[in-house]
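Dear colleague,

I am passing on the structure below for you to look through, and my notes on it follow. Please read them with the coordinates open beside you.

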Amino acid sequence: MKKWMALLLLAASAWFVVPQTTFARLPYSTFYYDGNQSTWFRIQPIYTPEEAFSAHFEEPVDLYVAPDDSVYVADKKQDRIIVLGNDGKQLRAIGDEEGKGRLSSPEGVFVTPGGLVYVADSGNQRIAVFGTDGKFVREYKKPDTTLMATEQFVPIKLVVDRRGVMYIALNSSYQGLVRLNDKGEFMGYFGANKAQQSLLTWLKKLVLNKEQLAKEKANLPRPIANIALDEDGFIYTATAGSFGEGAVRKLNAGGVDAFKNKTFVDAHGIVDVAIDKDGFLYNIDLDSEQINLYDRTGQALFAFGLVDKETQQSGVLGFPTSIGVDSRDSIWISDSKTETIHKFVRTEFGNNVLKALVLYSDGKYEESKPYWERVYELNDMYNGTFEGLGKVYLHEGDNHNALTFMKTAFDTEGYSKAFWQIRLDWMQSHFIALIAWIVGILLALRYGIRGVRALLRKHSPPASWNRPLADLRSFWYVMFHPYDGFYRLKEARVAPWIVLLLLAAAVGVKLASIYGTGFLFHPVELSEINLRNTLGLFVLPWITWIIANYLVCSVKDGEGKFREVVQGSTYALAPYFFFSIPTIVLSNIVTLDEKIVIHTLNTVMMLWMAAMFFVMTQVIHNFDFVETIKNSAITVLTIGMIWLFGFITFGLSYNLYDFFYQLYKEVSFYH
């Protein structure tokens, strides 16, 4: 026994001595943006922090990754440009201690393919140029032009195109970039943002006279915060504010924005923008406190990283000031808070998914397929994989697989293309059978209705059924003869069970539309539908209409009784019932190219229903046409007030409940 105990203790000791597998947890989360659902989902990392390099920085405010992958950093406090190798080691410093090469608070740096270093020497109010050896070459001061007579020349960022033309962002300048040629001559302003016209500005122009408007503060465009240049010569400007509208603009030589003032997701607090060799865009956003990655069109792809001013953790940014990307797709970020330069590298997953996106966007579908399949192996929950493979299958003509993958990715456009081809193939194979089915259905409807009528004449229902059947037939009759139909309803007393039956039928049609509408026109996950809320939003407006209509029209001397308003409002739903059924069927047949059919049916249905409720109000309450318009408008306004009162009551009730619940938890905790 003692021998076995000794062996057991020895085995346990050996188990604890053996090194265990360790897992490094990143200090931030990574998300991908699903454009089809317009929401973010968490995903495995596409970039991980490699290292943070100090090199004795004091205030790094800008960086530029040169063609040879060396990194030039503008240190504002030390009045110099620090050059790092791709391994993060300091190679040299640019900026003389005395003379013309001495820098003062530099805020921007740019390196040409030939190795010339341009510095936005803000403190000296100039552009300083240094050679490949780091020696001062020349400077560009404020150009002699009347257009800039009243503006301070304080450059903060710049880029230089292949012709040697400089595009310079000035401190707090709303007129755009200053453009100078290689001789320092002024070539005009370039790429200014548009002034934002708010509702208040429009109202002021409408109400105030010229003298009053002259005293108002001018509505100026937002200043450009940063600039970048891609390999094709496009200039990218970064501008914060306006909730991402025009946050990144891609300007050609003529100043035309290829992004057309696009609203970028998570770019309200943009600091800088960078472009890699494949055309992907990267930005740092202080509002979302993340690094964002976009495709060539500006569509959001991924978000990662974390900004925390109190950080003391590797991989977390304190106050990022600039971003750059090297030829190996590593990301470099200057951080003035932690006085470091951060380097992030791509993961295997990031390499595969971005390579797949590049190949597909270049039209290399076959080449992209292995990368998509590898992405699928690494993460089978990433919707981009389904969309990518779906497009590949669509290109290969495998429409059934494409349909499945597109539906999983909620890609309605791709799904529509695959469905159109499948439908075409089916119709070509079953054309004769389809015609026979259509003819058979038409004949069945025609002679079936005749047969039912003949049967009813031969075997008439009991007399007690005459009234309920007449009330049910009125549901169809009132739709085409609203005035006559509602007059009949006003004089009749419809049985409550018939009203409930018609309402149940309307709810049934709503359920059918929720679960039976085709994917192209209802692209949602059916299992995630909140049925109670959906039906509530369908029933509550109808109930609110009845209450508001009865109250308003009673005050306005309307003759309608509450029972009559309920009856009329029920029968006014007839267009919804009769239009929804063919719409549901057609939504499973037509494609997005034929969506006009669905939209037309829905528009006609809504207009028809509005006309029905209008006529119902006029007939039931015995109003003339003008009175009906006024009282209907007041009814709609009353509905809004009822809903507002309901929201306020619900909010106050919830706050009261939460107060007592928290009080109960506190008392329970101390006892």
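Glu-289 counts as partly exposed, at 37% relative accessibility. Please bear in mind throughout that this is a predicted model. Glu-289 sits in the loop that runs between β20 (281-285) and β21 (290-294), and although Glu-289 is not a glycine, its phi is positive, at about 60 degrees. I mention this because most residues other than glycine have a negative phi. Ser-172 belongs to the loop between β13 (166-170) and β14 (177-180), and with a relative accessible area of 58% Ser-172 is exposed.

**The two assigned domains**

The domain assignment of the protein gives domain 1 as 359-459 and domain 2 as 465-659. The contact between them takes eleven residues from domain 1 and twelve residues from domain 2. Taken over C-alpha atoms, the centres of domain 1 and domain 2 are separated by 33 Å. About 910 Å² of area is buried between domain 1 and domain 2, and carbon and sulfur atoms give 72% of that area. On the side of domain 1, Phe-410, Thr-412 and Arg-423 supply 50% of the area buried against domain 2, which is more than any other three residues supply.

How many salt bridges does the rule find across the interface of domain 1 and domain 2? The rule finds one across this interface. Arg-423, already named for its share of the buried area, forms a salt bridge with Glu-594, in which the closest N and O atoms are 2.7 Å apart.

A nonpolar patch on the surface is formed by Phe-431, Ile-432, Ile-435, Trp-437, Ile-438, Val-439, Ile-441, Leu-442, Leu-443, Leu-445 and Tyr-447, which together have about 1,200 Å² of accessible area. One of these residues, Ile-441, lies in helix α9 (residues 431-458).

Leaving aside neighbours within four places in sequence, Thr-544 is in contact with Ile-639, Ile-642 and Trp-643.

Terms used. Residues numbered from 1 in each chain as written. Predicted model: local features only at pLDDT ≥ 70, side-chain atom pairs only at ≥ 80, totals over all residues. Heavy atoms only, no water. Patch = residues over 30% accessible without salt bridge, like charges linked within 9 Å, V, L, I, M, F, W, Y side chains within 5 Å. Areas by Shrake-Rupley, 256 points an atom, 1.4 Å probe, with all protein chains shown as cover. Salt bridge = Lys/Arg side-chain N within 4 Å of Asp/Glu carboxyl O. Helix = DSSP H or I, 4+ residues; strand = E, 2+ residues; numbered from the N terminus. Contact = heavy atoms within 4.5 Å. Domains from an automatic or database assignment. Buried area = accessible area lost by both parts, 1.4 Å probe. Buried < 20%, exposed > 50% of the residue type's maximum accessible area, 1.4 Å probe, protein only.
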